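Thanks for coming, everyone. Please take a look at the sequence and the structure first. Then I'll walk you through some strands and sheets.

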Amino acid sequence: MSNDGGEVVPSREEAGYDAATAPSGGFRKGSFGVTGSGDTSGFGGLVRVEPGGAVALHSTDRPFGGYFDEVTDALIEAVGQATYDAAVQRVLVDRGEITYFVAREHLLVLVQALRDDDALRFELCSSVSGVDYLDSGGPAATPDRPRLHVVYHLTSMTYRRRIRLEVAVTAEDAHVPSVVGIYPTADWHERETWDMFGIVFDGHPALTRILMPDDWDGHPQRKDYPLGGVPVEYHDATIPPPDTRRSYR
Amino acid sequence: MSTTYNPADPYAGSRETTEGRVYTVTGGDWDLTFADPHGEERLVVNMGPQHPSTHGVLRLILDLEGETVTKARVTIGYLHTGIEKNTEYRNWTQGTTFVTRMDYLAPLYNEAGYCMAVEKLLGVEIPQRAATIRVLVMEINRIASHLVGLATGGMELGALTAMTNGFREREMCLDLLEEITGLRMNHAYIRPGGLAQDLPEGAVESIREFLKIMPKRIADYHRMLTGQPIWQRRLKDVGYLDVTGCLALGVTGPILRAAGLPWDMRKTEPYLGYETYDFEVPTADTADAWGRYLVRMAEIGESLKLIEQALDRLEPGPVMVEDRKIAWPAQLSLGADGMGNSLDHVRHIMGQSMEALIHHFKLVTEGFRVPAGQVYVPIESPRGELGYHVVSDGSTRPWRVHVRDPSFVNLQATAAMSEGGMIADVIAAVASIDPVMGGVDR
């Protein structure tokens, strides 16, 4: 395997990367974000394995600490252990925040319980947004590690708690059930996520573009969508647009 | 006019002359053109995006029957600038200058929310003085923002003096912020790890002067507006939205508090030491535009209290984290031609310390790395919950910055607030939401 500089670069496995045990699946090649720039510094050949975090593949073990255990127990009680096990693929506690990774088939059952159950009472859906994890060094775009994530931030004003739900889908089958029926505020959030990431929210009353013009092609916040911009010529040198410029990563 | 009605072209009849065909644009034939087959008085009015009463480039499409609004649809996106995407191509420190341009009436809140998210990802704690100054500048900013809400809202309702007075006092806030940060708006003053610089000499005195003047001006507002029958009638029972409606639509901030729920994250989920300050969360129980006006006015008073307390507890100390791998090395100072790089700092790195030069160079060109992970940091902006969902993949740039802007969410309530009411009340309802389109469209 060789990179742009013609140097020999070790493969993931040679660099000590093991998908099963790696905390994040984090893997990065080179010090700069762009390939093909004729990098002769040698840094292009660097291979780094990143520590875990948002994209960590492991699950946090109980007890989670804080109110997270109470929320999880109440959730299990509300939906039943079988549904919980099927719905929640893994739970991650990181930096004092809890994330439930949810299978999309069970999202609505879970969200309904989270809003309505007396012990949960997540009255407010603070935010719905998307993240595209395309070769982030995190879950790459493979079927078992889908690249498009929908992130829900729920707030319980009664108990003053916050949790995060995350649903991952592939770009080829980017369908997630809409939570507008449960949280009407998700209307514009989901439209924005459709607009920016091309994630289809099934059951949304009017899933149209919201920020981009109606006839726009593509979904701008996907990582493979170019930033735009043209090379600028200045003093006989050409400066490439920002996303193709050589830069630190 | 001898032109006959031409069914093929109802707008411009034509006749043949020796000079060729002559068209006569007539108009006035609406009865023929728009025969109303259903016997309805339905009229669709497009309002905006360029309209002095829509609080920015907001477009409203109103279905009217007479003067009653039967349907209100909101179209946004006219100010979309792709800030979230842009931050992914700049380093963590540069992100501040982008996010500050979102909600341009509350720039310091954007900066604070973003920086607190980055600091949570980094796991660093900022010095006490930096936290206190953040509270200080944010509360000055809250006053400025509420004053603009009052001023433009007043202007949209025809109260021009509210506009001129509101902008007069807001100017005082901006002067203070200019003195402290160097810029009137889009300050980039709050940075990951602390602040760009310490308070300049004389700033504390200027703020104290402001604290003396402001209570009198608030009393003037109450004299001018609160007791005034026209102002009351334009606002009372207009744009009604109760707590249930607010929560369903995700509405936070003064609108929620005016409906009676004292939800203010400075109290409920305190940050930057807000739990140690003495202040009240004003509420109203009217759930209408009038209540929102009263809540905002009361919040200006509470902000003054907070500013005074912050001034009292200012202790000398650093305003940036000690870690030189994170702390931005460019020290700024006020020169003859305005704010710029500190000459002392330039002398230091160019003439005295090679290590300082290396650090400066590495941080400015490469930036610092932020451990992989994601956080959601909500703060109480003048408009409600301003949430920063920031994802890092461990590199020198954000992987994703999503902003839960309160204006964006609150604006969804436009239809609920204005359908069934009069068209004139739509203006009052939208003004009471106080949306900032820079934040809505990002």
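**A hairpin in chain B**

Let's start with a pair of strands in chain B: β10(B) and strand β11 (residues 384-392) are joined by nine bridges and run antiparallel. Strands here are DSSP runs of E, at least two residues long, helices are runs of H or I of at least four, and both are numbered from the N terminus. Two strands pair if DSSP finds at least two bridges between them.

A word on the model before I go on. It is predicted, so local features need pLDDT of at least 70 and side-chain atom pairs count only at pLDDT 80 or more, while totals for chains, interfaces and linings use all residues. Residues are numbered from 1 along each chain as its sequence is written, chains are lettered from A and ligands numbered from 1 in the order written, and side-chain values use heavy atoms, without hydrogens and water.

Back to the hairpin. Two residues sit between β10(B) and β11(B). Find Ile379(B): its bridge partner in β11(B) is Leu386(B).

Now, how many of the nine residues of β10(B) are buried? Nine of nine, along residues 373-381. Buried means under 20% relative accessible area, with a 1.4 Å probe and protein chains only; over 50% is exposed, and in between is partly exposed. In a regular strand the side chains alternate between the two faces of the sheet. In β10(B), Gly373(B), Val375(B), Val377(B), Ile379(B) and Ser381(B) point one way. Gln374(B), Tyr376(B), Pro378(B) and Glu380(B) point the other way, and all of these are buried.

**A second hairpin**

Move to strand β4 of chain B, residues 59-65. Which strands does β4(B) pair with? On the one hand, strand β3 (residues 42-47), through six bridges, antiparallel. Val44(B) stands opposite Asp63(B) there. On the other hand, strand β5 (residues 68-75), through seven bridges, again antiparallel. Arg59(B) has Thr75(B) as its bridge partner in β5(B). β4(B) and β5(B) form a hairpin with two residues between them. In that turn, Gly66(B) has a positive phi of about 65°.

**Chain B as a whole**

Step back. Chain B has 18 helices and 12 strands. Its C-alpha trace spans about 90 × 55 × 45 Å along the principal axes. Of its 442 residues, 59% count as buried.

**Over to chain A**

Here we have an open sheet of five strands, in the order β3-β4-β7-β6-β5, with mixed pairing. Which strands are at the edges? β3 (88-94) and β5 (124-132) of chain A, each pairing on one side only. From one strand to the next, the twist averages 20°. Angles run from 0 to 180 degrees between N-to-C directions, with axes as lines fitted to C-alpha atoms, for helices over the stretch in contact.

Val128(A) has Tyr152(A) as its bridge partner in β6(A).

Two helices to finish. Helix α1 (residues 68-79) of chain A packs on the sheet and touches β3, β4 (97-102) and β7 (161-169). Contact means heavy atoms within 4.5 Å. The direction of α1 makes about 30° with that of β4(A). Helix α4 (residues 186-197) of chain A lies across β5 and β6, running at about 5° to β5(A).
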